[in-house]
Amino acid sequence: MYKKMKLRLMPITLGLTIATLLPGCGLFSKKGTASDKANRRGEVTGVAKRASWQQNLPIDMVPVKAGTFWMGQSDEDIAYTQSSMNKQITISEFFMDKYEVSNNKYRQFLEAVKGGELATGTPTTLKDPPTFNFDELRPDTTVWSKSFSYHYGDPLMEFYFDHPAFDDYPVVGISWEQAQKYCEWRTYHLRANDESDFDVPAFRLPSEAEWEYAAKGGKDVAKYPWGGPYLKNKRGCLMANFKPGRGNYIDDGFAYTAPVDVFAPNGFGLYNMSGNVAEWVMDAYKATARVDTWDLDPVYDDPNEPRKIVRGGSWKDIAHYLETSTRTYEYQDVAQAHIGFRTAMTFIGRSGSMDVKSTKRTRR
């Protein structure tokens with residue numbers, strides 16, 4: 001009796017198994033079947049079995065959602081530069097480094113170049129590893145002495161970049177051109193070790209508009225990244241690392257630079273968008289660039305202009321340079337003891353608002 005029941009149940013069990021497995025293979029899928037039939041009728045339904053793709057959030061980066069804001073001066077133009085007039089700008093989604101690039105992260109770049117560790121993996125579109133000259137990439141540590149007249153910067157010149165005590169401090173003595181090389185290496189490093197069939201967008205310096213939008217932290221008109229017009233919080237603590245008085249560098253807790261993760265982040269989760277070190281951005285400098293550029297993802301790119309925009313103010317600057325709208329510049333081949341950088345990456349997902357899932361970092 002048991003054997004007969006078993007024999008009767010076998011076809012049913014087999015049928016259920018087939019019915020369960022075959023749709024997973026797309027054989028009984030209504031969508032797949034309809035698509036196949038349409039293709040056979042000469043219709044266009046797209047290439048079948050395209051691999052899915054999701055842009056993951058790189059480590060120590062934050063997503064900055066698209067938005068519209070007023071770019072330009074948020075207070076009196078005390079320098080009378082007339083180079084930061086207000087203009088409404090729309091910015092698309094992008095990722096941005098949570099912190100300024102530290103000494104230790106830049107050191108990883110140098111060691112990869114020195115050790116010939118670039119050709120790891122097989123990137124899908126970047127076929128050949130980039131070429132670098134190691135001697136042209138090292139930070140200029142002499143900036144700690146030569147950037148200031150009659151200043152005893154020898155201890156920092158000796159220890160700031162190489163000593164582990166300063167590993168988490170922002171790298172300085174980096175020109176705009178060296179920052180571009182770091183972006184090139186970081187792009188290759190990720191693409192070469194990523195298992196995806198499609199390349200992620202390249203790391204790059206943020207545009208000036210992206211930088212200002214990110215610095216405001218979601219506030220339309222913000223004098224400083226923390227929003228308000230004051231430099232101290234309710235407890236009387238300074239909100240950034242800068243020069244709060246004549247000859248007074250220490251009231252914020254640091255005579256020179258500070259670690260990249262100190263002071264409170266702004267509304268987007270970005271640290272030290274004002275103070276600590278000023279930051280290179282992508283744009284060339286032109287006083288009237290605001291007039292020339294478009295109002296959607298503007299960038300003033302002029303390869304013949306050696307002056308590049310620097311934003312955010314630094315440990316040696318007065319409060320005016322900390323304002324989110326203040327524009328300054330430096331020559332692209334010049335390194336300074338107060339200028340560093342952070343990187344950005346274009347988000348190529350859904351337009352209008354970021355997919356929440358895409359902003360989460362997944363294990364590679």
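In this predicted model, Phe95 has Met345 of β10 as its bridge partner. The pairing concerned joins strand β4, residues 94-97, to strand β10, residues 344-346, in the antiparallel sense and over 3 bridges. The points below place this pairing in its sheet and then turn to a helix, the protein overall and the confidence of the model.

**The sheet and the helix across it**

- Strands β4 and β10 belong to an open sheet of 4 strands, ordered β1-β4-β10-β5, in which the pairing is antiparallel.
- The edges of the sheet are β1 (61-64) and β5 (203-204); each has a single partner strand, so one side of each is left without a neighbour in the sheet.
- In general, the strands of a sheet pair through backbone hydrogen bonds, in either a parallel or an antiparallel manner.
- Helix α7, residues 208-215, lies across β1, β4 and β5, and runs at about 75° to β4.

**Helix α3**

- Helix α3 covers residues 103-114, which is 12 residues.
- From its first C-alpha to its last, α3 reaches 16 Å, close to the 16 Å expected at 1.5 Å a residue.
- The buried residues of α3 are Asn103, Tyr106, Arg107, Phe109, Leu110, Ala112 and Val113.
- An α-helix has 3.6 residues a turn, so residues three or four places apart point the same way.
- The partner against which the buried residues of α3 pack is α6 (176-193).
- Just after α3, Gly116 adopts a positive phi of about 65°.

**The protein as a whole**

- The secondary structure comprises 8 helices and 10 strands.
- Of the 364 residues in the protein, 44% are buried.
- Among contacts between residues at least 6 apart in sequence, 74% join residues at least 24 apart.
- The protein exposes about 20000 Å², and carbon and sulfur atoms supply 54% of this area.

**Confidence of the model**

- The average pLDDT of the protein is 85, and 81% of the residues score at least 70.
- Residues 1-7 have a pLDDT under 50 throughout, and the model gives them 0 contacts beyond four places in sequence.
- Residues 24-31 also have a pLDDT below 50, and this stretch has 6 contacts in the model beyond near neighbours in sequence.

Conventions. Residues numbered from 1 in each chain as written. Predicted model: local features only at pLDDT ≥ 70, side-chain atom pairs only at ≥ 80, totals over all residues. Heavy atoms only, no water. pLDDT = per-residue confidence, 0-100. Contact = heavy atoms within 4.5 Å. Pairing = 2+ DSSP bridges. Helix = DSSP H or I, 4+ residues; strand = E, 2+ residues; numbered from the N terminus. Axes fitted to C-alpha atoms, helices over the stretch in contact; angles between N-to-C directions. Buried < 20%, exposed > 50% of the residue type's maximum accessible area, 1.4 Å probe, protein only. Areas by Shrake-Rupley, 256 points an atom, 1.4 Å probe, with all protein chains shown as cover. Expected span 1.5 Å × (residues − 1).
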